[in-house]
Amino acid sequence: MTISKSNIVEDWLPRYTGAKLDELGEYILLTNFYKYLEVFSKIYNTEIKGLGRPMQHTSIHGITMINFNMGSPNAATIMDLLTAIKPKGCLFLGKCGGLKRKNEIGDFILPLAAIRGDGTSDDYLPKEVPALPAFKLQRAVSTTIRKHNRDYWTGTVYTTNRRVWEHDKEFKEYLKKIRAMAIDMETATLFIAGFSNQISVGALLLVSDQPMIASGVKTQKSDKKVDKQHIEKHIQIGLDSLM
């Protein structure tokens, strides 16, 4: 018996999410924090489904938000699994560390590209292939941000598999050298795995910490403050962009 990729993902997407394939929307909002699902559910009075599964979700108006959890391997997994439904577009609402002095907590970054420091994306396409978002999605997000009377930064985001690096002076010098605007653990992987799977992927990142300075390293207390003050707007802009 021959097993195809479609055989696998059509079985695994429901296994991971608890959703039947026809329950998921044509457009996908991606998050890697359960808190986003909670806020989304509260704003739009939707039900969070898939509790007890690896990837929970909630939907409204043909748009489904899925929490794929943290890290590039999970980011690659969700992009593979989504080939089961072939969504028209996916928008990642992620948090990032701002690497520039001008970045403030709560700022939005609309990445023009991502630097592939993740390793996971190497399993999809050669290293020389750039990690780029879908232009039409980013254009829609840009327009929507302006409609919400907000501004944003553009630039590159460095995606790494390494979570605890804030103490590493050599790594910080490297980040300065490459002039990245932000750092995260998923964006480059999503762009590359999406491109490889012929799925349009965009991203809107929220600056949640300033890891280049000691006082800016994320803590439980600081992260809760970011969630309380900024997640709702992040979600609203993301949903409106896909609408």
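Predicted model: local features only at pLDDT ≥ 70, side-chain atom pairs only at ≥ 80, totals over all residues.
Biologist: Which residues of α2 are buried?

Modeller: Helix α2 spans residues 34–44, and its buried residues are Y36, L37, V39, F40 and S41. The elements covering them include the strands β1, β2 (57–60), β3 (63–67), β4 and β8, together with α7 (220–242).

Biologist: Where is N32, and is N32 buried or exposed?

Modeller: N32 sits in the loop between β1 and α2. Buried means under 20% relative accessible area. N32 has 6%, so N32 counts as buried.

Biologist: What does the side chain of N32 pair with?

Modeller: The side chains of N32 and E186 are joined by a polar contact of 3.1 Å. Beyond its neighbours within four places in sequence, N32 is in contact with N67, F68, N69, M70, F92, L93, G94 and E186.

Biologist: Which residues touch the most other members of the largest nonpolar core?

Modeller: That core has 37 residues, and the ones touching the most other members are L30, F68, I78, M79, L82, C90 and L190. Two or more residues each come from α1 (5–17), β1 (27–31), α3 (72–81), β4 (89–98), β5 (108–117), α6 (187–196) and β8 (201–209). Helix α6 gives the largest share, five residues.

Biologist: What does L30 touch?

Modeller: Leaving out residues up to four places away in sequence, L30 touches I66, F68, I78, M79, L82, C90, L91, F92, L93 and L190. Another core, of 26 residues, lies apart from the largest one; Y36, L137, I231 and L239 are among its members.

Technical notes. Residues numbered from 1 in each chain as written. Heavy atoms only, no water. Core = buried A, V, L, I, M, F, W, Y, C linked by side-chain atoms within 4.5 Å. Buried < 20%, exposed > 50% of the residue type's maximum accessible area, 1.4 Å probe, protein only. Helix = DSSP H or I, 4+ residues; strand = E, 2+ residues; numbered from the N terminus. Contact = heavy atoms within 4.5 Å. Polar contact = N/O pair within 3.5 Å; in protein donor to acceptor, adjacent residues only side chain to side chain.
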